[in-house]
Amino acid sequence: MPVAGPQSWDITSGQGDLPYALVRLRPEALNILAAHAPRIAGRIADGRGPQRVVVEIGDILGVTVYETGAGLFVQNDLGVRPGNFFTVPPQAVGPDGNITVPSAGPIPAKGRTTAEIEREIVAALKKRSLEPNAVVTLLDQRSSAYTVLGDVRAAGRYAANAGGERLLEAIGRAGGLLGAGNESWVVLERNGKKAVSPFGALIDEPGNNIYVRPRDLIYLYREPRTFLAFGASGRQGQFPFEAWRVSLSEAIAKATGLSDLTADPASVFLYRGETREVAAQLGVDISRFEGPVIPIIYQADLRDPGGYFLTSRFEMRNKDVIYVSNAAAVESTKFLNFVRTIVATVQDPVTLANSAKALSTGGGTTIVTQPISAGN
């Protein structure tokens, strides 16, 4: 009696209390997976342009006040002077958010741009100075900065650019990657939210290359992505991606394909954990599972020529597991070999006993031995 191979069914048919959900690889499933591929833009939904850089507490400002002629700051003397201006010594924005300008008093600076602070100074000096003008310079931008850490050549804090910088530009500003791009991952933390994406996703998908904002934390690390292949594949073991995007068909090819003698092309399985949201969209009854990750087994049928197109569109993820099932004929052969081994094990004592009895009753061949004389 042959041993039945693995069952395959659609997600719509009942699967009882199995500790996993089996999903046939279909175009609808591929579209759902593609929509939920790891990407920063999807996790941190912030597609705004460059953020307005404002002055915050701790920033160092330089202030210069100009007058059109002799007045409050410029004396009417005959001496040589560099120009009709007065420079205030650099000062940090205090805990109250203000700076101090002589004859103008405290000037609110926190949360304002340098242009807005200039207007505040001019308004405070108008009644005391002769046609004043002010220039405010942000000398040391200590608060409106982002941080780049990890596997980059120059980790540190960088002042936010008023013109705006995207993630790739920020990474380049930190000296670029230390390792290979296909092994690098990018973590962006903003306002308590964290998103993780392969570095290649920033290049191939422009939507992921969002603008950096003050107080962002960018962390880069290396983790070679691998997958496992078992069963009736050409080779078994752990295989590196060696690229940031690898399809299921390419992964099977890395394992030297299916074994012609033992594999069942209709029973190629991929094991992966999916989020509850993705599993629900795939049609899985998530109520019978606990935890945020649902174990999913995808089944591909490579006997159908269309199955090759589906596996070419199915994108592999880190730590995926591929299992190629044996064909039913191979399972039958294993079963018959097992039965043959049992029968042979049982027959061996019987054969030995019959042989011993035949020898004891003379039924066997008699061998006569004679001593060798000295003359021979």
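# Close-up views of a predicted model

**View 1. Glu-120 in helix H3.** Glu-120 lies in helix H3, which covers residues 114–125. (Helices are DSSP runs of H or I with at least four residues, strands are DSSP runs of E with at least two, and both are numbered from the N terminus.) This is a predicted model, where local features need pLDDT of at least 70, side-chain atom pairs count only at pLDDT 80 or more, and totals for chains, interfaces and linings use all residues. Residues are numbered from 1 along each chain as its sequence is written, and side-chain values use heavy atoms, with hydrogens and water left out. Glu-120 is partly exposed, with a relative accessible area of 30%. (Buried means under 20% relative accessible area, exposed means over 50%, and partly exposed is in between, using a 1.4 Å probe and protein chains only.) Which residues does Glu-120 contact, leaving aside its neighbours within four places in sequence? They are Ile-107, Pro-108 and Arg-112. (Contact means heavy atoms within 4.5 Å.) The side chains of Glu-120 and Arg-112 are joined by a polar contact of 2.6 Å. (A polar contact is a pair of N or O atoms within 3.5 Å; within protein, one must be able to donate a hydrogen and the other to accept it, and residues adjacent in sequence count only if both atoms are side-chain atoms.) Look for Ala-134 as well: from Glu-120 it is 14 residues away in sequence and 9.2 Å away in space, C-alpha to C-alpha.

**View 2. Ser-144 in a loop.** You'll find Ser-144 in the loop between strand E6 (133–140) and strand E7 (145–150). Is Ser-144 buried or exposed? Ser-144 has a relative accessible area of 3%, so it counts as buried. Setting aside residues up to four places away in sequence, Ser-144 touches Val-53, Val-54, Glu-56, Tyr-158, Ala-159, Ala-160 and Pro-214.

**View 3. Two loop residues with positive phi.** Ser-103 sits in the loop between strand E4 (98–101) and strand E5 (105–108). Its phi is near 70°, a positive value in a residue other than glycine. Ser-103 is partly exposed, at 32% relative accessibility. Now hop over to Thr-256, in the loop between H6 and E14. Phi of Thr-256 is near 60°, again positive in a residue other than glycine. Thr-256 has a relative accessible area of 46%, so it counts as partly exposed.

View 4. The buried residues of H1 are Ala-29, Leu-30, Ile-32 and Leu-33. Seen down the axis of H1, these residues fall within an arc of 160°, so they line one face of the helix. (The arc is that of the directions from the helix axis to the C-beta atoms.) On the other side of H1, Glu-28 and Ala-35 are exposed. What covers the buried residues of H1? The cover includes E1, E14, H7, E15 and H8.

**View 5. Helix H8 and its packing.** In H8 (residues 305–313), the buried residues are Gly-307, Leu-310 and Thr-311. Looking down the axis of H8, you'd see them within an arc of 95°, so they line one face of the helix. Here's a handy rule: an α-helix has 3.6 residues a turn, so residues three or four places apart point the same way. The buried residues of H8 pack against helix H1 (27–35), helix H6 (248–254) and strand E15 (293–300). Pro-305 and Phe-309 are exposed, on the face of H8 turned away from its buried side.

**View 6. Tyr-298 and the largest nonpolar core.** The largest nonpolar core has 35 residues, and Val-284, Tyr-298, Met-316 and Ile-322 touch the most other members. (A nonpolar core is a set of buried Ala, Val, Leu, Ile, Met, Phe, Trp, Tyr and Cys residues joined through side-chain atoms within 4.5 Å.) Among the elements that give two or more residues to this core are strand E1 (21–24), H1, H6 and helix H7 (276–281). Leaving aside neighbours within four places in sequence, the contacts of Tyr-298 include Val-23, Leu-33, Phe-269 and Phe-314.

**View 7. The start of the chain.** Over residues 1–14, pLDDT stays under 50. (pLDDT is the predictor's confidence in each residue, from 0 to 100.) Where pLDDT is low, the predicted coordinates should not be read in detail. For comparison, the chain averages a pLDDT of 80.
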